[in-house]
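This report covers selected strand pairings, salt bridges, a pocket and some backbone features. Please read it alongside the sequence and the model.

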Amino acid sequence: MTEESFVAKMASKLGLDEKFIIPYGRDKAKVDIAALKENRKQGHLILVSALTPTPAGEGKTTVSIGLAQGLQAIGKRSCLALREPSMGPVFGRKGGATGGGASSITPGVSINLCFNGDFSAITSANNLLSAVIDNALFYRTTKLDQNKVTWKRVIDMNDRALRSIVVGLNRNGVPREEGFNITPASEVMACFCLAESLDDLRRRIDNIVVGFTAEDEAVYAKEFGVTDAMLAILKDAVNPNLVQSLEGVPAFVHGGPFANIAHGCNSVLATRMALACSEYTVTEAGFAFDLGAEKFLDIKCRQSGLSPDAIVIVATIRALKMHGGVNKKELDPPNVEAVRKGLENLAAHLASAKLYNRPVTVAINLFAATDTEEEIAEVKKLCAEMGVGCAVANVFGEGGQGARELATIVAESIEKADNPPFKCLYGLDIPVKERMETIARKIYGADGVVLTKAALKKLDLMERNGLTNLPVCMAKTQNSLSDDATVVGRPKGFVITVRDFEIANGAGFLVALTGDILRMPALPKEPSAKAIKVEADGTITGMKG
């Protein structure tokens with residue numbers, strides 16, 4: 001495929017002038033955000049989420065791609081708006097994020113590795129601010145207290161050794177405790193994904209809180225005078241990336257905050273671009289409904305004015321069995337009783353989704369070799385009882401053809417729906433603890449929220465600086481509805497413990513840290529990186545996802 005043929009094909013499918021499509025090799029490109037000035041129409045937005053993740057896998061991205069291909073198969077103009085993969089999971093435990101089988105986006109290896117330089121730009125912009133902060137501390141040109149710096153360096157890699165470090169040990173340095181987050185947890189990433197323009201991104205970076213004075217007054221990034229230098233690094237990155245699915249559905253893949261430690265959604269600009277270029281845009285939010293989807297709805301939609309026309313929850317029979325107590329090694333044999341028990345987890349997410357007054361459909365991501373009709377019937381029975389749609393989707397094996405039923409049900413639910421104006425789960429006129437209580441009770445099924453002494457002290461600091469009139473981004477394990485990663489299914493009789501807060505003032509949310517969640521993940525004992533091989537001709541093999 002030549003650069004010209006890819007650009008021409010995508011321009012035709014998207015209805016864009018070729019001048020807006022900037023080739024990045026033969027099979028990928030960026031789209032100039034100036035295209036939005038000429039095309040502001042808006043199609044229908046479909047949000048894909050899932051039940052609580054298990055080691056059995058749910059295939060949320062695979063179903064998202066398959067659904068978009070299914071919409072195309074039934075004659076609808078469709079687009080994808082997805083997050084970019086981080087190399088942390090690619091080389092760690094989870095693998096990449098380009099779908100699977102017949103429902104994948106391409107070129108998969110390029111997307112999973114340093115895709116068009118966006119993560120590198122975000123990392124460099126973040127660390128430029130870090131370098132300038134330490135330079136100002138060295139020259140004593142800032143009122144920032146060196147012991148109250150909250151801004152951290154980042155790297156797009158899982159590296160537990162960098163969680164806590166000491167910097168400034170060189171001759172004449174200013175020693176202080178520091179640490180690294182992973183790039184998807186950077187506030188620059190969050191600002192990047194929520195910004196509507198370069199000017200909006202400038203405003204957001206200016207408003208980043210980097211620490212406090214000795215008198216506990218907030219110090220902002222704008223005080224260091226490098227916002228425009230950071231913008232210069234990010235200028236090209238803000239243009240959404242454009243690739244395609246195996247069946248030629250255009251895919252905007254842009255931005256990648258994690259949903260367990262950040263807000264978990266692709267960029268607003270990519271979502272707007274997809275909506276302007278299609279009848280139906282399929283997007284996803286990280287992990288399960290309690291994390292990514294709640295943040296998509298209560299943070300991204302609140303700030304942007306976007307709202308979904310329909311919600312899809314992905315489930316697999318295998319994941320339901322694990323939530324029903326079955327060991328991963330014993331998932332192949334039929335077990336209707338385990339599926340029935342595991343449905344409690346799915347029911348919890350469906351109840352949460354229905355709070356937002358949008359039509360909900362369950363997509364059963366089919367594992368054709370092991371799923372039985374009896375097991376599938378249990379899922380359909382629950383969906384009928386809860387008044388939500390349900391379709392079996394063989395998207396891995398059959399691509400768009402395997403998602404025709406799902407696509408038809410979702411499209412019809414949108415066409416028939418008389419959706420009321422979108423309303424967030426909570427308002428900002430109530431105290432922070434009540435906002436968290438609302439999320440914990442209504443989305444997690446908790447009995448309430450408890451704040452440690454350290455969290456109360458940090459919250460008081462935020463309140464004194466006028467930094468709490470913001471939605472709350474709950475940093476919580478993805479492996480459970482509770483804050484205990486070992487509790488599967490639908491836990492009861494628990495509380496959510498908030499041990500600390502971080503402020504993402506530029507991005508526009510307050511981060512509540514729960515359980516043992518960390519913003520720098522670690523590698524497993526056997527990292528996925530060890531399976532990756534490069535052949536003599538440069539072909540890369542062994543990469544998950």
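Strand 22 (residues 496–504) and strand 23 (residues 509–514) form a hairpin with four residues between them. Gly508, in the turn, has a positive phi of about 100 degrees. Helices (H or I, at least four residues) and strands (E, at least two) are DSSP runs, numbered from the N terminus. The model is predicted: local features need pLDDT of at least 70, side-chain atom pairs count only at pLDDT 80 or more, and totals for chains, interfaces and linings use all residues. Residues are numbered from 1 along each chain as its sequence is written, and side-chain values use heavy atoms, with hydrogens and water left out.

**Strand pairing**

Ala504 has Phe509 in strand 23 as its bridge partner. Strand 22 is also joined to strand 20 (residues 449–451), here by three bridges and in parallel. Leu451 stands opposite Val498 of strand 22. Strands of a sheet pair through backbone hydrogen bonds, either parallel or antiparallel.

An open sheet of three strands has the order 7-12-13, and its pairing is antiparallel. Strand 7 (144–149) and strand 13 (218–220) are the edge strands, each pairing on one side only. From one strand to the next, the twist averages 55 degrees. Strand 12 (residues 209–213) is joined to strand 13 by three bridges, and Val209 stands opposite Tyr220 in strand 13. Helix 6 lies across strand 7 and strand 12, running at about 125 degrees to strand 7. Such angles run from 0 to 180 degrees between N-to-C directions, with axes fitted to C-alpha atoms, for helices over the stretch in contact; contact means heavy atoms within 4.5 Å.

**Salt bridges**

The count comes to 28 salt bridges, where a salt bridge is a side-chain nitrogen of Lys or Arg within 4 Å of a carboxyl oxygen of Asp or Glu. Three of these pairs are set out below.

| Pair | Closest N and O atoms |
|---|---|
| Arg272 and Glu196 | 2.8 Å |
| Asp500 and Lys458 | 3.1 Å |

Arg153 lies in strand 8 (residues 153–155) and Asp134 in helix 6 (residues 118–139), so their bridge ties together parts that are 19 residues apart in sequence. Arg153 is buried at 17% relative accessibility, and Asp134 is buried at 16%. Buried means under 20% relative accessible area, exposed over 50%, and partly exposed in between (1.4 Å probe, protein chains only).

The bridge between Arg272 and Glu196 links distant parts of the chain, 76 residues apart. Arg272 is in helix 10 (residues 268–276), while Glu196 is in the loop between helix 7 (187–194) and helix 8 (198–206). Arg272 counts as buried at 14%, whereas Glu196 is partly exposed at 29%.

Asp500 in strand 22 and Lys458 in helix 18 (residues 453–464) are 42 residues apart. Asp500 is partly exposed at 22%, and Lys458 is partly exposed at 23%. Salt bridges that share partners join Asp134, Arg153, Arg176 and Glu178 into one network.

**The second largest pocket**

Which residues lie nearest the centre of the second largest pocket? They are Val149, Thr150, Lys152, Lys458 and Glu502, among the 46 residues of its lining. Elements that each supply at least two lining residues include strand 7, strand 12, helix 18, strand 22 and strand 23. The pocket has a volume of about 1100 Å³. On a 1 Å grid over the protein atoms alone, a pocket is an open set of points where a 1.4 Å probe fits, with protein on both sides within 12 Å along at least five of seven lines; lining residues have an atom within 4 Å of a point. Grid points are joined across faces, edges and corners, and the volume is the space filled by probe spheres set on the points.

**Backbone features**

The peptide bond from Thr106 to Pro107 is cis, with omega near 10 degrees. Pro107 is in the loop between strand 6 (103–106) and helix 5 (108–112).

Arg140 is not a glycine, yet has a positive phi of about 60 degrees. Arg140 is placed in the loop between helix 6 and strand 7 and is exposed at 76% relative accessibility. Asp216, also not a glycine, has a positive phi of about 70 degrees. Asp216 lies in the loop between strand 12 and strand 13 and is partly exposed at 23%.

Note on methods
Two strands pair if DSSP finds at least two bridges between them.
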